[in-house]
Structures are given as structure tokens and as C-alpha cells.
Amino acid sequence: MRIAWLSDIHLNFVPHPEIEKFSHKVADCGAEVALISGDISEAPFLKEHLNIMAKSIKFPIFFVLGNHDFYRSSIEKTLNLAEEISSNSGNLVWLTAEDIVRLSDNTVMIGHESWNDGRIGDYENSPYVPADFFMIEDFMGLDKDSKLKLMQSLADKAAEHFKLTLPRACQAAENVILLTHVPPFRESCWYKGKVSDDEHQPYFASKIVGDIIREIMRDHPSNNLTVYCGHTHGGGKAQILNNLIVYTAEAAYEKPAIQRIDGIK
Ligand SMILES: [Fe+2]
Ligand SMILES: [Fe+2]
């Protein structure tokens, strides 16, 4: 079986005929499953854009959301929307709401959006202001401390999710795929070919998710975990442990791309 991994396709910046063209390209790439690690579009257009993709791609499309998918809406409303899209479509599956998905005899998959948690780098002194703060209703009007608390509570939920699902996924199969939007380690926050600096790390990495998955994989040395994530738009590969590898997507606005086509056993 082959999987096509997409990430940060930001379809709100892509004209409809181009979205259709891109969808056909995915449909014909030789994969039997597509995975999307978030930043698919923006909330008001998410349903329409995913449905355009699902019209040409007849195989299952598993997705998690990215921070941009919550833009022009709230967190709760967008999570409900993801649920609705997933339950009204035959082949669009919001992976966060699923338990463990079996892809083959030896490979299972889990996923969750996750969130950058400000726990790596210098949140206090970073001059960087992500668009999340004025594009997602929940962040609007909060002071810097409250924004950090909200980011951390979102990341903590992802960590809880993986704490429950990852050990069971390791019991279920030798190889586990974890789909998430936010890179879980400092080393997986690629930006322009380098690991990003301390000013960007608070907004790029989810430390709590990284800590939990590293701990679980140390306890499961005979399993292999492959993480597919995006968010930083700088591509790279980070080997965190012998049995834990993270691929971060290279992405550019207006140019949706297939990141990798990987064969699974
Ligand atoms: Fe993105
Ligand atoms: Fe993102």
C-alpha cells in the first residue's frame, strides 16, 4: 500500500480550477490513501475545498486541522465543522476523532492537530506575532499570558490524546504513523533549511507532545514511529530516536504539493 502525504496546502489561496487539477494529481499518484497534516484552507472554505478534493480522490483522505483552518472562526466551531465534514463524507476522515486506524497488517495510524505551546524558545521576549492572534476568535483580545495559557491548553489536549492512543497503537502494530500539524520537537522545526531560532520556536513547536511521544517510544523499542507534520513550511527530517523519525513538510502558499509518496508494509 502507498500513502500520499500532503500538508499546508492552504487552498484558500488557490483558484478553483487549480484545486481540481491538484486533486486529480493526487488521485492519479498511485497511492491508495491520502494524509493531510493540516492548514488545508480557512474555516469558511474548509468544507467546500475538502469536498472538491474528495470528488476526484476516491480513496480515503485522512486529515487533521492546522492553525489556519481555524481562521475567521473559533476553535469550537471549527472542530464541530471537521466532525460534520467527516461524518457527511464517505472518504473524508477527520483523524482526531478516530481511535487507531489500521492501514495494513504491520502499520496503524493515529493523529491530532496539536498546537505550538510556547515551551521551547523565548516566548516572553519574542517579537513575533502570529496571525493566529487576530484570525482566531478565541485569541482575540487576550493578553500575552492568556494567549500562552490557551496555546498550552490546546497542546495539552493533543498530548493527552497521544498518551492514550500511542501505547495502544504500539500494541496493535510494529509500525505507527502519527499525523499532526505542529512539529513536536525543536529539531523538527525546520525553517529555510535550518532548525528555527528561539524567537520562532514558541510558535512552531509543541514541546509537551514531543515529550510524551519520545517517552512512549523509549518504552517501545521494538516499534517504529513515523511522524508527518507541517506548519513551519520548511522541509526536513529529524531522527529523534532510533525508532522515532519526524518528517516536516516543505510548503509554499499558492503551490499545493504532494510531500511524499511512501510505501507501507
Ligand atoms: Fe501552513
Ligand atoms: Fe500552520
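Biologist: Which residue of β3 is the bridge partner of L35?

Modeller: F62 in β3 is the bridge partner of L35. In general, two strands pair if DSSP finds at least two bridges between them; strands (E, at least two residues) and helices (H or I, at least four) are DSSP runs numbered from the N terminus. In this case, β2 and β3 pair in the parallel sense over 4 bridges. This is a predicted model, in which local features need pLDDT of at least 70 and side-chain atom pairs count only at pLDDT 80 or more, while totals for chains, interfaces and linings use all residues. Residues are numbered from 1 along each chain as its sequence is written, chains are lettered from A and ligands numbered from 1 in the order in which they are written, and side-chain values use heavy atoms, with hydrogens and water left out.

Biologist: In what order do the 5 strands of the open sheet lie?

Modeller: The order is β4-β3-β2-β1-β13, and the pairing is mixed. At the edges stand β4 and β13 (258–263), each of which pairs on one side only. Direction ignored, neighbouring strands of this sheet are turned by 20° against each other on average. Angles of this kind use axes that are lines fitted to C-alpha atoms, for helices over the stretch in contact; they run from 0 to 180 degrees between N-to-C directions.

Biologist: Which strands does α1 lie across?

Modeller: Helix α1 lies across β1 (2–6), β2 and β13, and runs at about 15° to β13. Contact means heavy atoms within 4.5 Å.

Biologist: Which residues have the most contacts inside the largest nonpolar core?

Modeller: A nonpolar core is a set of buried Ala, Val, Leu, Ile, Met, Phe, Trp, Tyr and Cys residues joined through side-chain atoms within 4.5 Å. The largest one here has 40 residues, and I36, M53 and F63 have the most contacts inside it. At least two residues of this core come from each of α1 (16–27), β2, α2, β3 (61–64), α3 (75–87), β4 (92–94), α4 (132–135) and α5 (144–172). Neighbours within four places in sequence aside, M53 is in contact with L6, I9, L11, F22, S23, I36 and I61. There is also a second, separate core of 25 residues, with V108, F162, C229 and I240 among them.

Biologist: Is L178 buried or exposed?

Modeller: Buried means under 20% relative accessible area, exposed over 50%, and partly exposed in between (1.4 Å probe, protein chains only). L178 is buried, with a relative accessible area of 0%. This residue lies in strand β7 (residues 175–179). L178 and I110 are 68 residues apart in sequence, yet 5.1 Å apart in space, C-alpha to C-alpha. Apart from neighbours within four places in sequence, L178 is in contact with I110, F162, I213, L225, T226, V227 and Y228.

Biologist: Why is β10 largely enclosed by the rest of the structure?

Modeller: The description applies because 5 of the 6 residues of β10 are buried. β10 pairs with β7 in the parallel sense over 5 bridges, and Y228 in β10 is the bridge partner of L179. A further 5 bridges join β10 to strand β12 (residues 244–248), again running parallel; there, T226 has I245 of β12 as its bridge partner.

Biologist: Which residues coordinate the iron ion (ligand 2)?

Modeller: Donors are N, O and S atoms within 2.8 Å of the metal (3.2 Å for Na, K and Ca); water is not among the atoms, so sites may look incomplete. Here D39 (OD), N67 (OD1), H181 (NE2) and H231 (ND1) coordinate the iron ion (ligand 2) at 2.1 to 2.4 Å. Their spacing in sequence is D-x27-N-x113-H-x49-H. D39 coordinates both the iron ion (ligand 2) and the iron ion (ligand 1), which are 3.6 Å apart.

Biologist: What is the geometry of the site of the iron ion (ligand 2)?

Modeller: Four donors count as tetrahedral if all angles lie between 85 and 135 degrees; four count as square planar and six as octahedral if opposite donors are over 155 degrees apart and all others between 65 and 115; anything else is irregular. This site is irregular, with angles of 88 to 162° among its 4 donor atoms.

Biologist: What is the phi of D39?

Modeller: Phi of D39 is near 55°, a positive value in a residue other than glycine. H233, not a glycine either, has a positive phi of about 65°. H233 lies in the loop between β10 and β11 and counts as buried, at 15% relative accessibility.
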